[in-house]
Amino acid sequence: MTTIEESVINTMDGRDKELFDFLPYMLQDIWEMGTSPGIVSSLINKNFPNASELKILDLGCGKGAVSIYLAGKFHCRCHGIDAVKEFIDTARMKADDFDVSSLCSFEVGDIRLQTKELTGYNAVILGAVGPVLGNYYETLTLLSNCITHDGVIIIDDCYIEDGSNFTHHMSENRNEIYKQIKKAGMFILDEAIVSKEEIKKSNEFIFNQIEKRCFELMLLHPEKSKLFSDYVNRQRSENRILENYVVCVVFVIKKMKTNTNILKKISDEKR
């Protein structure tokens with residue numbers, strides 16, 4: 001298993017784990033770091049008539065934007081986990097600012113390990129963190145133990161259109177994703193495609209903030225200038241991919257219902 005620092009940097013489209021200690025500085029101006037709280041909120045509102053009763057697990061929660069938004073809108077309970085202590089500190093502060101600290105709890109941790117022990121959630125959110133838990137089959141198999149029998153897993157991700165010649169180490173084609181979801185005993189209950197306009201707007205804002213802070217870090221640490229310039233260039237490249245070569249989507253995935261009549265018949269036959 002890679003170190004937690006390497007895992008986080010891969011999620012943030014970096015290559016060098018030395019960047020880990022600089023992430024709080026580079027991302028200090030950004031609260032909504034990936035998944036759109038509005039899109040997740042819309043999907044929850046559409047699929048859960050009693051959203052206030054939900055217990056939500058937010059994995060790789062960053063600075064808590066999604067959890068805090070959901071808690072404020074639905075008055076549901078949210079628990080967020082992220083590996084970066086400074087992000088969690090900000091999430092707790094923001095929860096206080098938005099008067100949802102009684103509904104939101106945040107902790108520093110490694111989601112690769114903690115998901116093996118967490119249970120009883122109505123929804124698990126895996127927001128724009130890439131294959132940190134493995135491919136879709138591995139991820140869903142692991143997270144299925146975290147949700148109730150009628151719970152859902154919400155994944156913010158990108159896929160490559162079937163028939164495309166484009167390849168990327170962080171993305172699979174849509175047909176392969178469907179196969180892995182089915183193999184895991186689940187199905188797509190709902191989905192929301194993120195518009196290219198929204199992606200470009202978000203990318204532009206985030207990139208400008210990262211570029212500004214990386215230039216500052218180059219002045220503060222001239223011996224590490226290449227580390228920061230490489231990261232800026234990699235962000236620029238990843239943005240181009242998001243805007244032109246893949247489809248960004250938020251999936252709502254649910255377990256297939258077991259036919260209790262079939263199970264009863266099998267049980268009776270064994271007797």
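Tutor: Let us begin with a term: a helix is a DSSP run of H or I that spans at least four residues, and helices are numbered from the N terminus. The model under discussion is predicted.

Student: What follows α8?

Tutor: Gly185 follows α8, and its phi is positive, near 80 degrees.

Student: Which residue caps the N-terminal end of α8?

Tutor: The cap is Asn173, from which a side-chain oxygen lies 3.2 Å from the backbone nitrogen of Asn175.

Student: Why do the buried residues of α8 line one face of the helix?

Tutor: An α-helix has 3.6 residues a turn, so residues three or four places apart point the same way. In α8, which covers residues 174-183, the buried residues are Arg174, Ile177, Gln180 and Ile181. Viewed down the helix axis, the buried residues of α8 fall within an arc of 125 degrees, and therefore they line one face. Lys179, Lys182 and Lys183 are exposed on the other side of α8.

Student: What covers the buried residues of α8?

Tutor: The cover includes α7 (136-143), β5 (147-160), β6 (172-173), β7 (186-193) and β8 (247-255).

Student: How many residues has the largest nonpolar core, and which of them have the most contacts inside it?

Tutor: In soluble globular proteins, nonpolar side chains tend to be buried together. Here the largest nonpolar core has 37 residues, and those with the most contacts inside it are Ile44, Ile56, Leu70, Cys104, Phe106 and Ile154. The helix α4 gives the most to this core, with five residues. A second, separate core has 28 residues, including Leu57, Val132, Leu140 and Ile181. Ile181 is also one of the buried residues of α8.

How values were computed:
Residues are numbered from 1 along each chain as its sequence is written. This is a predicted model: local features need pLDDT of at least 70, side-chain atom pairs count only at pLDDT 80 or more; totals for chains, interfaces and linings use all residues. Side-chain values use heavy atoms; hydrogens and water are left out. Buried means under 20% relative accessible area, exposed over 50%, partly exposed in between (1.4 Å probe, protein chains only). Helices (H or I, at least four residues) and strands (E, at least two) are DSSP runs, numbered from the N terminus. The arc is that of the directions from the helix axis to the C-beta atoms. Contact means heavy atoms within 4.5 Å. A polar contact is a pair of N or O atoms within 3.5 Å; within protein, one must be able to donate a hydrogen and the other to accept it, and residues adjacent in sequence count only if both atoms are side-chain atoms. A nonpolar core is a set of buried Ala, Val, Leu, Ile, Met, Phe, Trp, Tyr and Cys residues joined through side-chain atoms within 4.5 Å.
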